[in-house]
Amino acid sequence: MKKLLLAATLLLAFNASAKLNIDNCYQLEELAGVIMEARQAGSTMGEMIKLADNHKLTEALVIDAFEVPLYETAEYKEREINKYKNTVFKMCFKSISQEI
């Protein structure tokens, strides 16, 4: 799990300097899913912030994910992971749609 979060963070950091595009939204969606999956698996905020390695957007996603309760059942965990991914993608997509 930690390797996935680190890989997603590095991938996002590589593209962070470019203008936002649909590919960035897909990357953000994937990153949000990894973050919420780690949250729902019981990772601590401190562990995840440390893995974000001062990448401010990733830190913001981690902080936001910890405003969501930790669920008990796999069904609720999966539902929350998908909900978070969709929310992040929607916000990204709306921001690039406004630029067009």
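Guide: One definition before we start: a residue is called buried under 20% relative accessible area, exposed over 50% and partly exposed in between, using a 1.4 Å probe on protein chains only. What you see is a predicted model, where local features need pLDDT of at least 70 and side-chain atom pairs pLDDT 80 or more, while totals for chains, interfaces and linings use all residues. Residues are numbered from 1 along each chain as its sequence is written, and side-chain values use heavy atoms, with hydrogens and water left out.

Visitor: Good. What does the secondary structure of the protein chain come to?
Guide: Five helices and zero strands. From the N terminus, the order of elements is α-α-α-α-α. These elements are DSSP runs numbered from the N terminus (helices are H or I with at least four residues, strands are E with at least two).

Visitor: And how much of the protein chain is buried?
Guide: Of its 100 residues, 38% are buried.

Visitor: What share of the contacts in the protein chain with a separation of 6 or more comes from residues 24 or more positions apart?
Guide: That share is 71%. A contact here means heavy atoms within 4.5 Å.

Visitor: Let's go inside. Which residues touch the most other members in the largest nonpolar core?
Guide: Ile-35, Met-36, Met-48, Leu-61, Tyr-84 and Val-88 do, out of 19 residues in that core. Helix 2 (22-40), helix 4 and helix 5 each give two or more residues to this core, and helix 2 gives the most, with seven. The term nonpolar core covers buried Ala, Val, Leu, Ile, Met, Phe, Trp, Tyr and Cys residues joined through side-chain atoms within 4.5 Å.

Visitor: Tell me about Val-88. Where does Val-88 lie, and what does Val-88 touch?
Guide: Val-88 belongs to helix 5 and is buried, at 6% relative accessible area. Apart from residues up to four places away in sequence, Val-88 touches Leu-28, Glu-29, Ala-32 and Leu-61. The C-alpha atoms of Val-88 and Tyr-26 are 9.4 Å apart in space, although the two residues are 62 apart in sequence.

Visitor: And Met-48, buried or exposed?
Guide: Buried, with a relative accessible area of 2%. Met-48 sits in helix 3. Its C-alpha is separated by 9.2 Å from that of Ile-63, 15 residues away along the chain.

Visitor: Switching topic: how many aromatic pairs are there?
Guide: Three. One of them joins Tyr-26 and Phe-89, whose ring centres are 5.2 Å apart with planes at 40°, so this pair is tilted. Rings of Phe, Tyr and Trp (its six-membered ring) pair if their centres lie within 6.5 Å; planes under 30 degrees apart are stacked, over 60 edge-to-face, and the rest tilted.

Visitor: Why does the pair tie together parts that are 63 residues apart in sequence?
Guide: Because Tyr-26 is in helix 2 and Phe-89 is in helix 5. Tyr-26 is partly exposed, at 46% relative accessible area, whereas Phe-89 counts as buried, at 18%. Ring pairs also bring in Phe-93, giving a cluster of Tyr-26, Phe-89 and Phe-93.

Visitor: Now pockets. What is the volume of the largest pocket?
Guide: About 160 Å³. A pocket is an open set of points on a 1 Å grid over the protein atoms alone where a 1.4 Å probe fits, with protein on both sides within 12 Å along at least five of seven lines, and lining residues have an atom within 4 Å of a point. Points are joined across faces, edges and corners, and the volume is the space filled by probe spheres set on them.

Visitor: Which residues line the largest pocket?
Guide: Leu-28, Leu-57, Ala-60, Leu-61, Asp-64, Thr-87, Val-88, Met-91 and Cys-92. They divide into seven nonpolar, one polar and one charged. Helix 4 (56-65) and helix 5 (74-99) each supply at least two residues of this lining.

Visitor: Last topic, the loops. Where is Asp-53, and what is its phi?
Guide: Asp-53 is in the loop between helix 3 (45-52) and helix 4, and its phi is near 50°, a positive value in a residue other than glycine. Most residues other than glycine have a negative phi. Asp-53 is exposed, at 60% relative accessible area.

Visitor: What about Asn-54 and its phi?
Guide: Asn-54 also has a positive phi, about 65°, and is not a glycine. Asn-54 lies in the loop between helix 3 and helix 4 and is exposed, at 59%.

Visitor: And Lys-19, where does that lie?
Guide: In the loop between helix 1 (2-15) and helix 2. Lys-19 is exposed, at 62% relative accessible area. Lys-19 and Ile-96 are 77 residues apart in sequence, with 9.1 Å between their C-alpha atoms.

Conventions. Ala, Val, Leu, Ile, Met, Phe, Trp, Tyr, Cys and Pro count as nonpolar, Asp, Glu, Lys and Arg as charged, and the others, Gly among them, as polar.
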